[in-house]
Amino acid sequence: MTATVTRTPRDNSSFTDHPDERQRWPARLWALLVVLSLVLFLDGLDVSMVGVALPSIGAELGLGTASLQWIVSGYVLGYGGLLLLGGRTADLLGRRRVFLAALAVFALASLLGGLVDSGPLLIATRFIKGVSAAFTAPTGLSIITTTFAEGRARNKALSIYTVFGASGYSSGLILGGLMTGIGWRWTFLMPVPIALAALAAAYVLVPRDKPAAGGGYDLWGAVTSTGAMLLLVYNLVSAPERGWADPLTIGLFAASAALLAAFVTIERRLAHPLVRLGILRTGSLVRANLAIVALMGSYLSFQFIVTLYLQDVLGWEPLEMALALLPAGLLVALSAPFAGGLIDRFGTARFIAAGLVSLTAGYLLFLPIDTAPVYATAILPSVLLLGAGFALGFPSISVQATSGIHDDEQGLAAGLVNTSGQVGAALVLAVTTALISTTGEGTAASAEDMLDAFRPGLVFVTFVALTGLAVAVLPLLRRRRAAAVPAAVAAEEI
């Protein structure tokens, strides 16, 4: 059955309707953008800040590498697994209502995460927090894309918004080091007052909008897609201990594939699907989604490995580690005023390719790392290249993913790109963790043994970035080849 799309009128009466680059933005509009950006900052901050605390959490709660990765994966799976439902819910119920409710749950889950006293309960609060972020992220992005006109105004707003998100990932490293120095629980508690302040400001600033006149909830689509990803990630993490040929391992892979097939079948038959599959015919949207998988998947997995390497192999303190990684965050933050204008000038495709080139180079430089590195020559160059890669790629991908999409599907487009980033990060991290477990990280007797266990993960991270780079560069090569043909013909005629 062909999906039908309901066109929904916008109601952004609190602000100028779709301000463009010729108009000066009023203070209230700037305030709205700052609040939405702050919430995205918290999403990114949460993942990286908790990542710094993983060794301390593992030591206190007695969790190994496989269990620790679930503290990260629990969040990103809740986030990525329900992002599509979050974007669709925002379109149907109204963006303001969904944004406020989800932000309140985020604050509550943050508080609970700092109070629980067992690994399973901690992972559960992380999943709930990820679910709440699954509603705030696409809703905030769709509020921006339906408030700012497509073109320079929207690019400027999105570059500021996404750089806040990228800065959250980077700033979480230094803040996580500071909080872990006091106690790892503060990495969970610190976002609570910020989230509450953002909730109060959003209540005042986010404009009221009208829910869609028609539509429905694709709960079965959400259940099957989330179930498929959960089973797949769990199987990838646990398979090394059971064995890849174990009947349970094979059965879980089959169940994950069956759920994914059921999801596609459901989406094709429903009048109001979670994902209108026709939107995937937009080439720029598909390329943006593949790029975010490569960027987020490789970056989050690299951070996971480096956090354990610096603290467990080299014996660095959390704050010492955070300061070593700080230059990446500074690069991302300093790029904020220039990202929108540069994207306008050079286009998203070139920026995405440049970002993945920088990330790949950073991973390649880090591969020969040993147990006695000189920071200035062995670690700092990779840190700078990763910061540049994130600063170039992250805002460009968000702009490309939402360009040319009608307002009533901005929530869907935003949900898709965020889902790809989070689910891609969870899957790449799961494979990375499986590779580490297979090579015996849990039984490593020395720093050299631990580093040897990490190397397959580092190689895989580099491979993921290289694959994303190939996908990003291919359209640019095709355009260059297509442009060269008319020029050659013209030269022959002369």
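User: Why is Leu40 called buried?

Analyst: Leu40 has 9% relative accessibility, and buried means under 20% relative accessible area, with exposed over 50% and partly exposed in between (1.4 Å probe, protein chains only), so Leu40 counts as buried. This is a predicted model, in which local features need pLDDT of at least 70 and side-chain atom pairs count only at pLDDT 80 or more, while totals for chains, interfaces and linings use all residues. Residues are numbered from 1 along each chain as its sequence is written, and side-chain values use heavy atoms, leaving out hydrogens and water.

User: What does Leu40 touch, not counting residues up to four places away in sequence?

Analyst: Its partners are Tyr79, Tyr161, Thr162 and Gly165, where contact means heavy atoms within 4.5 Å. Leu40 and Tyr161 are 121 residues apart in sequence, yet their C-alpha atoms are 7.5 Å apart in space.

User: What makes Thr180 buried?

Analyst: Thr180 has 9% relative accessibility, so by the under 20% cut-off Thr180 counts as buried. A polar atom of the Thr180 side chain also lies 2.6 Å from the backbone oxygen of Gly176.

User: How do you know that helix 10 and helix 14 are roughly antiparallel?

Analyst: Their axes come within 10 Å and cross at roughly 150°. Angles under 35 degrees count as roughly parallel, over 145 as roughly antiparallel, 65 to 115 as roughly perpendicular and the rest as oblique, so helix 10 and helix 14 are roughly antiparallel to each other. The residues of their contact divide into 15 nonpolar, four polar and one charged.

How values were computed:
A polar contact is a pair of N or O atoms within 3.5 Å; within protein, one must be able to donate a hydrogen and the other to accept it, and residues adjacent in sequence count only if both atoms are side-chain atoms. Axes are lines fitted to C-alpha atoms, for helices over the stretch in contact, and angles run from 0 to 180 degrees between N-to-C directions. Helices (H or I, at least four residues) and strands (E, at least two) are DSSP runs, numbered from the N terminus. Ala, Val, Leu, Ile, Met, Phe, Trp, Tyr, Cys and Pro count as nonpolar, Asp, Glu, Lys and Arg as charged, and the others, Gly among them, as polar.
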